[in-house]
Amino acid sequence: MSTKWVVEDKENKNVFWPSDEMKKRAWLSDESFYEEGKADPVKFWEKRAEEALEWHKKWQTGYEQDKDKPWKFKWFLGGEINASYNALDRHVKAGNGGKEALVWVPEPTDEKPKTYTYKQLYDEVNRLAGAMKKLGVKKGDKVSIYLPMIPEVVVSMLATARLGAVHSVCFSAFSGESLRDRVEDAESKVIITADGYYRRGKPLDLKKNADIGASAPSVEHVIVVKRTGLDVAWDEKKDIWYHELLRDADDYCEPEFVESNETLFLLYTSGTTGKPKGIVHDTGGYLTQAYWTTKLDFDLHDDDLFWCTADVGWVTGHTYGCYGPLLNGVKVLMFEGAPDYPDAGRWWKTIEEQKVTVFYTAPTAIRMFIKFGDQWPKKYDLSSLRILGTVGEPIDEEAWLWYFNTIGGGCCPVIDTWWQTETGGTLINSLPGVGPFIPTVAGRMFPGTKHILLDEAGNEVEEGQSGYLAQVPPFAPGMLRGVYKNEKKFVETYWSRFPGYYDTSDGAVRREFDTIRVTGRVDDTMKVAGHRLSTAELENAINEHPLVRESAIVPKPHDIKGEVPIAFVMLKDPSKASDGLKKEIVKHVDSMIGPTARPHEIYFVDDVPKTRSGKIMRRILRSLVKNDPDMGNLSTLMNPECVDELKKAVGFKEG
């Protein structure tokens, strides 16, 4: 671990700065990249692309954008590249084939972890790519991957990319219907899945869900990994065992080099409202941003072991569980199963046994472990850690400080990353050798990118004021290039509110030290007596009450005011719940925002519905307060059991 960090108290907030040891080790410890990126973002990223990746053919033009349609932009035009080649081949050719690339920790404790070297991973990717090629998969074809957290998911992604085909990974906990929606939209030719996976010690049948997805008319083949040995349904015309397919496969498959702006993958949003959107990511720009954000955000060196706890079904798993670490030639850890199985010490035991140095997880998980108690992490030696990261939502101060002190021993910087499925990689966070690190404040804009905060009229707001977070062109190279087969949706969602800018739909505040505090989504809004209120703004006000752990706000129809805010509040100590505390919170909101934002009703609850990536499912809360029985798909929930408890709390009437 690094030595203790410098702590400065400023306006009642802890401000942390890198230790001298961290500055000496870090890839970046000064302003050089920030200054270079500000001076000429296009030249900055061209230089980074050349340094980071091996191009089959160099580009002719660094960046191009349609002045009338700003969403039509391209990076590294004419350049040719292959993602699989850059993640594997070049390391093997450089003599690093024997270096460990991936260590997989299975959920069952009687199974030993499995390690792949870069050469072993290269060999398996080549065999699968060659076998898929014989099945007819070619450049531009879509391959849906519906796999649990097993090594074959990374192999499948890289094998698909090797062919110049497009992968579409679907989170393995999604229902068969959710898979089919994604398969049908992408018109996937092949599905790669497994017989099942383990969850809390039990093997679950995944193949039956995959079969629902395979009913889509475009599907010709279903490749099935044997993970659990469950007896599964079998279609002799479509289904092929993965191990049998690879048994006679060739050892080498020539990589298909694609033009930089051709699609590498589709990733569908979780579909909290309506049909899921297929976010389109290109190849050259995405790989460039994945490489540099992984390297600089987490200060990755050859001797590091990077553990990103996100499932590969999410963009975080794509960029920081697969592409980013492998492009950098470092070792990445993959973990199967629940974080608290067989007990609440499983993650910390894994860190001790595997000597994890960089750990990246979600505030939702951190808060869960706080509940379990400090005794669990204290049982294990976590001294190998030197960098901590968070992702998925703004982190509250209590969770930040617990993570910093209890897991990091007060020695590891907390990299609070802001980004989205749409951005491909991180965009706002402080860097380990530069800082500063301030609880609840994401940090600085990544070098070579620029964001501004706007009011509703599109005017830039002053420091200290909240506004809409928007990205300024030239847009970051990893940014989405569209919504698959739906340009209208693409333009309406991201480019219509502030013409010329990318609209993140997140609110933020610019803070001291050139940092940005992201407050959360602003597209969940309500009109109360003609006043437009952001649920994120109201939630932040309630969350600042010292007894509140977390809150979620939704609007409820009102005969006079149109809508009124309803608050679901989770307390640090549930025994403190009382009518008196409700009045206190209302008074607190009055002082923070004004009486217009005053919650009409406050429900003290233990939990609210969340996706497995930690996002609050507000559409379910909206249905509850409206007594609407149509709550939509609950298959994405991490905690479906809380819905029945919430029904009791709000007096939901069935039927």
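**Strands and helices in a predicted model**

Author: The model is predicted. Let us begin with a pair of strands: β18 (residues 305-308) and β20 (residues 358-361) run parallel and are joined by 3 bridges.

Reader: Which residue of β20 is the bridge partner of W307?

Author: The bridges in question link β18 to β20. For W307, the partner in β20 is F359.

Reader: Which strands are the edge strands of the sheet?

Author: The open sheet has 7 strands with mixed pairing, in the order β7-β6-β19-β18-β20-β21-β22. From one strand to the next, the twist averages 20°. A strand at the edge pairs on one side only, and this holds for β7 (114-117) and β22 (414-416).

Reader: Which helix packs on the sheet, touching β18?

Author: The helix touches β6 (100-105), β18, β19 (331-335) and β20. Its direction makes about 165° with that of β18. The helix, spanning residues 315-327, is α11.

Reader: Are α17 and α18 parallel or oblique to each other?

Author: The axes of α17 (residues 535-543) and α18 (residues 579-592) come within 9 Å and cross at roughly 120°. Angles of 65 to 115 degrees count as roughly perpendicular and those over 145 as roughly antiparallel. The two helices, α17 and α18, are therefore oblique.

Reader: How many residues of the contact of α17 with α18 are nonpolar?

Author: On α17 the contact is made by L538, A541 and I542, and on α18 by I585, H588, V589 and M592. None of these residues is charged and 1 is polar, while the number of nonpolar ones is 6.

Key:
Residues are numbered from 1 along each chain as its sequence is written. This is a predicted model: local features need pLDDT of at least 70, side-chain atom pairs count only at pLDDT 80 or more; totals for chains, interfaces and linings use all residues. Side-chain values use heavy atoms; hydrogens and water are left out. Two strands pair if DSSP finds at least two bridges between them. Helices (H or I, at least four residues) and strands (E, at least two) are DSSP runs, numbered from the N terminus. Axes are lines fitted to C-alpha atoms, for helices over the stretch in contact, and angles run from 0 to 180 degrees between N-to-C directions. Contact means heavy atoms within 4.5 Å. Angles under 35 degrees count as roughly parallel, over 145 as roughly antiparallel, 65 to 115 as roughly perpendicular and the rest as oblique. Ala, Val, Leu, Ile, Met, Phe, Trp, Tyr, Cys and Pro count as nonpolar, Asp, Glu, Lys and Arg as charged, and the others, Gly among them, as polar.
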